Amino acid sequence: MSVQDISVKPSTDALFSGSSRTSRRNMGQFIRWALLFGGGILMIMPIVFMLSTSLKFPFEVYNLNLIPEEPTIENYTYVLEDGRFYHWFWNSLIIAILTTVSAVFFDALVGYALCKFKFPGRYIVFIAILSTLMIPTEMLVIPWYLMSKSFGWLDSYWGIMFPGMMTAFGTFLMKQFFETVPDDFLEAARIDGLNEFQIWWQVAMPLVRPALAALAIFVFLGNWTAFIWPLIVTNSADMYTLPVGLSSFGDEVDVAWELIMTGAAISTLPTLVVFLVFQRFIIRGVVMAGLKG
Amino acid sequence: MATLSIRNLVKSYGKVEVLHGISLDVADGEFVVFVGPSGCGKSTTLRMIAGLEDITGGEIHIGERLVNNLEPKDRDIAMVFQNYAIYPHMSVRKNIGFGLRTSKLPKAGKDKRIDEVAAILGMSDLLERRPNQLSGGQRQRVAIGRAMVRDPAVFLFDEPLSNLDAQLRTQMRLEIKKLHQRVGNTIVFVTHDQVEAMTMADRIVIMKDGHIQQVGTPLEVYHKPANIFVAQFIGAPSMNMLPGTWTGGGVRLADGLTVPLPARTAAEGANVVLGLRPDDLVVTNKKGFLSGQVAVVEPLGADTLVYVGVNGHELIAKASGREPPKVGQTVALTANAGEMHLFDAKSGEALP
């Protein structure tokens, strides 16, 4: 059979139906892009307003134009020259880092135990931990406050950090991820002579690195931006975290929005760094590489 | 290297007993294959030897030591898993060397040992690669290397070839057999594939429903199966079974035909089952002791498998690969009396 024998010219009908399919596909793509664009605008607008306001003089703050009429970096100079800002930044950084390390460690430890060890009451413990997710933070602050007071933790790092040092959400997340780690890995390590803690630390933890990275980002951001609890538990300006400290800019009559926005703009930098550092660990499919091909 | 001794091993999950007191002695340097259908208890037995499952009853000795209450790491065993279980976040070198972490060898000694094992497995060039850069067969070799590096008393293999394609499986089968001949360690290998069992084992342990059905060399279990289950499980295609009655000098089949056989231990008039391996039941142009119509023909090249309907039973026989019979043709079948097997119809046990 020659090449010509098997070449078939498309019929006119086929061409038309192909064209209508293409236009339907283009329309679908247009709608998708439009929705994404709209969502993107919604997400980016507060950030744009924050940056815009941080570059305005006080008289222009309530003018909602995106580009300041007289842009200034005076607010940045003021905030960065104000010693309190560094203090609050440092407080926030210490608290967010320590809480993140603690939450990732304990959430992964408890999640692993609940997932891989069969002990009586395991299910009840898991349900009890999960049920705490249904209680809103606003209801918890009073018992937290009373606890802090009775332990002498008011107005201290420990007092700010302790509610977030282990989280129900993180435990649940890690338990679910450890479910994806085949028991063969752990049994192989057991035969190779590792104890249970070493198996968790040296074998299981590296296999759930993407989940650890995701959890670290969630916990860090949650603690970096936390407002209500640090506001309640701290009394002195020295112990303020950045969000609490920023809210105190201004006086009793007027809120200095341009300074608050400037502080907020600077405070987003660590969150960007955290995201950039951890996102490279979020690579799918790492676990499966050691299994059957 | 060491012997392995299992005495009255019992395993229960709650009230359900899955292993019913099995006993077995494995000699030093022997290659023993546990084979059986899914759920027969072969993997459970292996995991109990490894210490990954608690022992409900009985004893396991590795060498002279009773290991019932020892941790897996203290049993001087190494195990290769079905899923390989090599760590994806470590290089091949680190994976192979993982079993030496607790060893008291100096670092240079460990590296030397890893290099030796890699050389034996032909993986010296792949030591710095990650598992995701390896093929299925190479990953399996890493898993074997991790077991080898510790030079254990007993190697345990849990269906290690199940995830490989047919060609690679044949290749790895050969490699493991060569490896055993080279290092000479005691090996316990679990598989559900009777071809793997036949080709690799010094002795085969055939299991069903938590009981050992027969232990023997591959030729013993093939030529002298202990019961109908073993006879049908070992050998492909499966052994043909024809029910009948023992007459003292042969088996009278349902249609009244008597197949003469040498004297057996069966009582006259007892219900028996006549077993004929497809390899021994041959299509002939001469007079045969059975005849029937060809239903299906399966050419294999050198031979042809022929499915023949005989008195309501479908028997599988062998015919020439060059001139196979045609579907619908009536053919005669013959076999040597010495290659026929007789089983008690009730108990299924072989009647010698």
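1. Chain A is assigned two domains: domain 1 covers 3–54 and domain 2 covers 81–290. These bounds come from an automatic or database domain assignment. Keep in mind that this is a predicted model, where local features need pLDDT of at least 70, side-chain atom pairs count only at pLDDT 80 or more, and totals for chains, interfaces and linings use all residues. Residues are numbered from 1 along each chain as its sequence is written, while chains are lettered from A and ligands numbered from 1 in the order in which they are written.

2. How do the two domains of chain A meet? On the domain 1 side, 4 residues are in contact with 6 residues of domain 2 (contact: C-beta atoms, placed from the backbone, within 7 Å). Those residues of domain 1 sort into 2 nonpolar, 2 polar and no charged. Here Ala, Val, Leu, Ile, Met, Phe, Trp, Tyr, Cys and Pro count as nonpolar, Asp, Glu, Lys and Arg as charged, and the others, Gly among them, as polar.

3. Now for the two chains: chain B puts 25 residues into the contact and chain A puts in 19. On the chain B side, strand E6 (77–80) and helix H4 each give two or more residues, and E6(B) gives the most, with 3. Helices (H or I, at least four residues) and strands (E, at least two) are DSSP runs, numbered from the N terminus. By class, chain B's side has 14 nonpolar, 8 polar and 3 charged residues.

4. Have a look at Ile144(B), which sits in helix H4 (residues 136–148) of chain B. Is Ile144(B) buried or exposed? Ile144(B) counts as buried because it has 25 C-beta neighbours inside 10 Å (buried: 20 or more; exposed: 12 or fewer; partly exposed: in between; C-beta atoms placed from the backbone). Leaving out residues up to four places away in sequence, Ile144(B) touches Val80(B) and Leu121(B).
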